[in-house]
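Hi,

Here is the structure I promised to pass on.

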Amino acid sequence: MRIKHTYRYSVPISVNAIESITHAALLCCRSLATDGLLSPFIRNESPVSTRKMLLDIALSALALVVACWILFEPILRAGRTFWGAARLIFDSNTVDLKARYGEWAVVTGSTDGIGKAYAKELAVRGMSLVLISRNFDRLENTRKEILATNPNVEVKVIVADFSKGKDIYEKISIQLQDLPVAILVNNVGKQYEYPMYLGEVPETELWDIINVNVGATTLMTRMLIGAMEKRGRGAIVNVSSGSELQPLPLMTVYAATKIYVKSFSEALRAEYSRSGITVQHLVPFFINTKMNAFSAKLQVSSVMVPDATTYARNAVATLGKLDSSTGYWAHGIQQFFTVIPPVWVRTKIGQLINQTFREDYFKGKTVS
Ligand SMILES: NC(=O)c1ccc[n+]([C@@H]2O[C@H](COP(=O)([O-])OP(=O)(O)OC[C@H]3O[C@@H](n4cnc5c(N)ncnc54)[C@H](OP(=O)(O)O)[C@@H]3O)[C@@H](O)[C@H]2O)c1
């Protein structure tokens, strides 16, 4: 369990660790060569014992690398998370998104919650918008709301239900074909109605979660990334969740779709960063939106559970600066403490928290 966890979260940091350790091993070899152990080799003594000695040194160096990796990786991981949180607090530079990426942004799931607030923030920064959600009236209301405060931008709407899967993308693509989309915000997401055991989740709800959380992010990206590549610029923002940080019992499928979003984002960045495309992976923790309606506690805004507007204002400010971020300083601090314990401990804690939410949900049902 522990080894798996170390591998999953450590690769970029451990490359640095390996470099340092290799450097230390080289110094060590040089000192061995001059001070004794390797001196027979230098003096051409006994090739057999020299080979054995070199093998011993190589094995010792390997053991040293593995030991350092296991010992220091959690510290380096926590350090990296701390640095991410510190950047959110102290780095107040903002990127001119329109100048850097272009004029048009598409936001999926944009009539409520984070998507709506994010779209508003982009409009404040002069971006014209395409809003995509299921309901035309809600889209129209959002469009009017945005135009009332930002009359200089254009806002278009597309009605689409991402839970329908494959069939909707051609229609969306036709409606977007003449627009030079500069920023795609893959925000739309679906969560369980309340924390459930897998066998309790209705089958249609599972398909919806997969089609919305995995399907929409993948297919919308594929639809728009080719044109961004041709223009040599663009940004894709993939909204994941703190639930990606470990398996999450009672929200098993939701959390699994979010680790997909993380993996997808990181691989996509490696494929397309040479084309001038930013791929940002956003990892919000709890935000006061209707997605968390299963818990009355999460329907009260606070520093740790901000409202969508506060979250989006902070998150948009990280675009173009941080490839992976919680998007909000207090969530950065939460992430720092979350990743310290090993994965199995976090999984257990997640299960206990979800068990509490589940009980709250049933208590709420009994009262009402
Ligand atoms: N809230 C949190 O605590 C939290 C934490 C971490 C990550 N996230 C992630 O943040 C993203 C946004 O979450 P949120 O809390 O803002 O959600 P939300 O308040 O439930 O809003 C969801 C938005 O998506 C639209 N939508 C829902 N199903 C859709 C579908 N099948 N097709 C098209 N549009 C659909 C909804 O509009 P219509 O109903 O009008 O279609 C609404 O505009 C999600 O990816 C979520 O996983 C949320």
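**The α8/α9 pair**

Helices α8 and α9 cross in a right-handed way (the near helix is turned clockwise from the far one by less than a right angle). Before going on: this is a predicted model, so local features need pLDDT of at least 70 and side-chain atom pairs count only at pLDDT 80 or more, while totals for chains, interfaces and linings use all residues. Numbering starts from 1 along each chain as its sequence is written.

α8 covers residues 203-231 and α9 residues 252-272; their axes lie 9 Å apart at an angle of about 10°. Helices here are DSSP runs (H or I, at least four residues), numbered from the N terminus, and axes are lines fitted to C-alpha atoms over the stretch in contact, with angles from 0 to 180 degrees between N-to-C directions. The two are therefore roughly parallel (under 35 degrees).

In the contact (C-beta atoms, placed from the backbone, within 7 Å), α8 brings residues including Leu206, Ile210 and Thr217, and α9 brings Val253, Phe264 and Tyr272 among them. That contact splits into 12 nonpolar, five polar and two charged residues (Ala, Val, Leu, Ile, Met, Phe, Trp, Tyr, Cys and Pro are nonpolar; Asp, Glu, Lys and Arg charged; the others, Gly among them, polar).

**Ligand**

The ligand has 30 residues around it, with Gly109, Gly113, Arg134, Gly189 and Thr289 coming nearest (near means a C-beta atom, placed from the backbone, within 6 Å). Helix α5 (residues 113-124) gives the most to this shell, three residues. By class the shell has 11 nonpolar, 13 polar and six charged residues.

Cheers

Definitions and conventions: Parallel < 35°, antiparallel > 145°, perpendicular 65-115°, else oblique. Contact = placed C-beta atoms within 7 Å.
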